[in-house]
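I opened this entry to look up the pockets of the structure. I start with the lining and then go through the rest.

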Amino acid sequence: MEDQINILQEEINQYTVQNEEELETYRMRFISRKSVIGDLLTAIKDVAPEQRKETGIKLNQLKNAAQAKFKELISELENQNNSTKKTDIPDLTLPSIPDELGAIHPLTQVRNRITEIFERIGFQVVDGPEIEDDRHNFTALNFPPNHPAREMQDTFFIEKDSVGNRPDMVLRTHTSSVQIRMMEEGKPPFRAIMPGRVFRNEAISARAHCVFHQVEGLYVDRNVSFADLKQTLLHFAKELFGPKTRIRLRPSYFPFTEPSAELDIWWGNETEADKRITKGTGWLEIGGCGMVDPFVLESCGIDAEEFTGFAFGMGIERIAMIKYQIKDLRLFTENDIRFLKQFSQFN
Ligand code: PHE
């Protein structure tokens, strides 16, 4: 039996396992009740009595060694599994790196909001070309050729040859040109807004840009009055800036409207900043408006005896600056992520 014990001890010392199955084979052979060691323990009674004590001690040592080795093999196998996990298989339970979401540009957000407000009171949205002819940008809007009113809008003229030799093409200076197109093509009543990009030859500064956005509006029907205009603008201002918003219409001049007015909204005049922003008046101008001049209706083939209308035009940058307290209009076009990120919460 002594020899058997030595052989088994040697076998245990050499033992290695690669996987759970081999570990189980080891357990069956050395640890379980039916193991070889178990058999020897049963057989000890057959050993000669004078030898029994010594053999018993050795057998016990073998049993303990087998158990110690079992623990060793278990932890070895565990380590092996852990290290393969780290190197070969990605840990699918780790949280992923989140994708950065884009934000809708503040000007688009404001335009969408404006569109929504007007659509809800029955205005449709109409689009038109950014490159216009003189008639749609000026003449039909009652800017006679060489009239000084054309100077109100510093115009980008397009070289003849670049537009197939058509004379008098311009980058539209306002979206009023779309109103002309609409009235030429359809029959009243008209109730529409025209959001879009416009161009003016101005030096770029914190308050002015050569490319900016407008929303113009047109309402032509029987019996449209100045009161309708004022009420529409008041409703719009309250929807956009809040129910306490106040507006003011200040007499002004545009060739295509008569009477004409500037639209101001009340900003406040308490703090130093209020005074600076509103030049001490408390009011901020956001656009122009008026009753469509009969000349404009007639030049689009509409009977000005039967129909009247109002029109208005507002700067989208201007409104966004007021709404979000933005001090420099150049920020809108610089694509600075730090600026744009601030608008993701408003999407
Ligand atoms: N078209 C004018 C502008 O660009 C704004 C305006 C539109 C004024 C309609 C009155 C009526 O300045």
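Which element gives the largest share of the lining of the largest pocket? I found that β8 does, with eight residues. I note here that the model is a predicted one.

Entry on the largest pocket. I looked up its volume, which is about 960 Å³. Its lining is made up of 41 residues. Nearest the centre I listed Arg-200, Glu-262, Glu-285, Gly-287 and Arg-318. Next I checked which elements supply at least two lining residues each. The strands on that list are β5 (211-221), β6 (247-254), β7 (257-266), β8 (283-292) and β9 (308-315). The helices on it are α7 (176-185) and α11 (316-324). By residue class, I recorded 14 nonpolar, 14 polar and 13 charged residues in this lining.

Entry on the second largest pocket. I noted a volume of about 220 Å³. Which residues line the second largest pocket? I wrote down Arg-207, Trp-267, Arg-276, Ile-277, Leu-284, Arg-318, Met-321, Ile-322, Gln-325, Ile-326 and Lys-327. The classes here are six nonpolar, one polar and four charged.

Terms used
Residues are numbered from 1 along each chain as its sequence is written. This is a predicted model: local features need pLDDT of at least 70, side-chain atom pairs count only at pLDDT 80 or more; totals for chains, interfaces and linings use all residues. Side-chain values use heavy atoms; hydrogens and water are left out. On a 1 Å grid over the protein atoms alone, a cavity is a set of points where a 1.4 Å probe fits but cannot get out, and a pocket is an open set with protein on both sides within 12 Å along at least five of seven lines; lining residues have an atom within 4 Å of a point. Grid points are joined across faces, edges and corners, and a volume is the space filled by probe spheres set on the points. Helices (H or I, at least four residues) and strands (E, at least two) are DSSP runs, numbered from the N terminus. Ala, Val, Leu, Ile, Met, Phe, Trp, Tyr, Cys and Pro count as nonpolar, Asp, Glu, Lys and Arg as charged, and the others, Gly among them, as polar.
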